[in-house]
Amino acid sequence: NPDNPAEDTFLQLIGSARRFLYITTPYFIPDENIMRALCIAGDGGVDVRLMMPGIPDHKFAYQVAQSYFPELTEHGVKIYTYTPGLIHGKTVMVDREAAFIGSVNMDFRSFQLHFECGTLLYGVPAIETLLEDMDGIMEKSRQVTRADWEHRPLLHRVLGGLLRPFAMWM
């Protein structure tokens, strides 16, 4: 899909964040553009929070997602895992002004292979309701720290990096 409206929308939302950027996704396998945008936002002082499942439904895809955590946290991105289990929402919230809700994951399959859909909200009361939901998710989540990453089993630390080239099929 050479025209990539979902990824373009996400990049515009990420780039427009000035105060905070909250993201929920069950599958996080970002391409270079998404990674760069998230790192720039984090370096620029935006409160970037990525919320993911505490118990994933696709173990290998989750290992790949975790392989991105060290770079993100180095750039100030906060990562939360939802302790009750699977979080399957796909949302992006920017500065209480704009939000995206839909079926789009932050991965190659959603951006390039599937025909995903979503709704872009701007300046509507539903954004406050979404923010309340995201705050509730964070209350039931645990923030991932560098120490967490370093204390994972060696196999898990290595596996994510080894699986990255195959991520488009996950």
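## Salt bridges

In this predicted model, the number of salt bridges comes to 4, where a salt bridge is a side-chain nitrogen of Lys or Arg within 4 Å of a carboxyl oxygen of Asp or Glu. One of them joins the side chains of arginine 36 and glutamate 32, at 3.2 Å from N to O. Both arginine 36 and glutamate 32 belong to helix H2, where they lie 4 residues apart, about one turn of the helix; helices (H or I, at least four residues) and strands (E, at least two) are DSSP runs, numbered from the N terminus. With a relative accessible area of 43%, arginine 36 is partly exposed, whereas glutamate 32, at 60%, is exposed. In these terms, buried means under 20% relative accessible area, exposed means over 50%, and partly exposed lies in between, with a 1.4 Å probe and protein chains only.

Aspartate 47 takes part in salt bridges with arginine 49, at 3.0 Å from N to O, and with lysine 78, where the closest N and O atoms are 2.9 Å apart. Because lysine 78 lies in strand S3 and aspartate 47 in strand S2, this pair ties together parts that are 31 residues apart in sequence. Through shared partners, Asp47, Arg49 and Lys78 are joined into one network of salt bridges. Aspartate 47 counts as buried at 17% relative accessibility, arginine 49 is buried as well, and lysine 78 counts as partly exposed at 26%.

## The sheet

An open sheet is formed by 7 strands in the order S6-S5-S4-S1-S2-S3-S7, and its pairing is mixed; two strands pair if DSSP finds at least two bridges between them. Strand S6 (118-122) and strand S7 (141-143) stand at the edges with a single partner strand each, so one side of each has no neighbour in the sheet. From one strand to the next, the twist averages 15 degrees, with axes taken as lines fitted to C-alpha atoms, for helices over the stretch in contact, and angles running from 0 to 180 degrees between N-to-C directions.

Strand S2 is mostly covered, since 7 of its 7 residues are buried. S1 and S2 run parallel and are joined by 5 bridges, with isoleucine 23 standing opposite leucine 50 in S2. S2 also pairs in the parallel sense with strand S3 (residues 78-82), over 5 bridges, and the bridge partner of methionine 51 in S3 is tyrosine 80.

## Nonpolar cores

In soluble globular proteins, nonpolar side chains tend to be buried together. The largest nonpolar core here has 36 residues, and those with the most contacts inside it are Leu21, Phe28, Leu38, Leu72 and Val92; such a core is a set of buried Ala, Val, Leu, Ile, Met, Phe, Trp, Tyr and Cys residues joined through side-chain atoms within 4.5 Å. Among the elements that give two or more residues to this core are helix H1 (5-16), strand S1 (20-24), helix H2 (32-43) and strand S2 (47-53). H2 gives the most to this core, with 6 residues.

Leaving aside residues up to four places away in sequence, leucine 72 touches Phe28, Met35, Leu38, Cys39, Leu50, Val77 and Ile79, contact meaning heavy atoms within 4.5 Å. A second, separate core of 15 residues includes Tyr80, Tyr82, Leu131 and Met138.

Helix H3 is largely enclosed by the rest of the structure, because 7 of its 9 residues are buried. Those buried residues are Ala61, Tyr62, Gln63, Val64, Ala65, Gln66 and Ser67.

The structure holds 0 disulfides, a disulfide being a pair of cysteine sulfur atoms within 2.5 Å. Cysteine 39 counts as buried at 6% relative accessibility, whereas cysteine 117 counts as exposed at 56%.

## The loop between S4 and S5

Most residues other than glycine have a negative phi. In the loop between S4 and S5, aspartate 95 has a positive phi, near 50 degrees, and arginine 96, found in that loop too, has a positive phi near 60 degrees. Aspartate 95 counts as buried at 4% relative accessibility, while arginine 96 is partly exposed, with a relative accessible area of 44%.

## Basis of the values

Residues are numbered from 1 along each chain as its sequence is written, and side-chain values use heavy atoms, with hydrogens and water left out. As this is a predicted model, local features need pLDDT of at least 70 and side-chain atom pairs count only at pLDDT 80 or more, while totals for chains, interfaces and linings use all residues.
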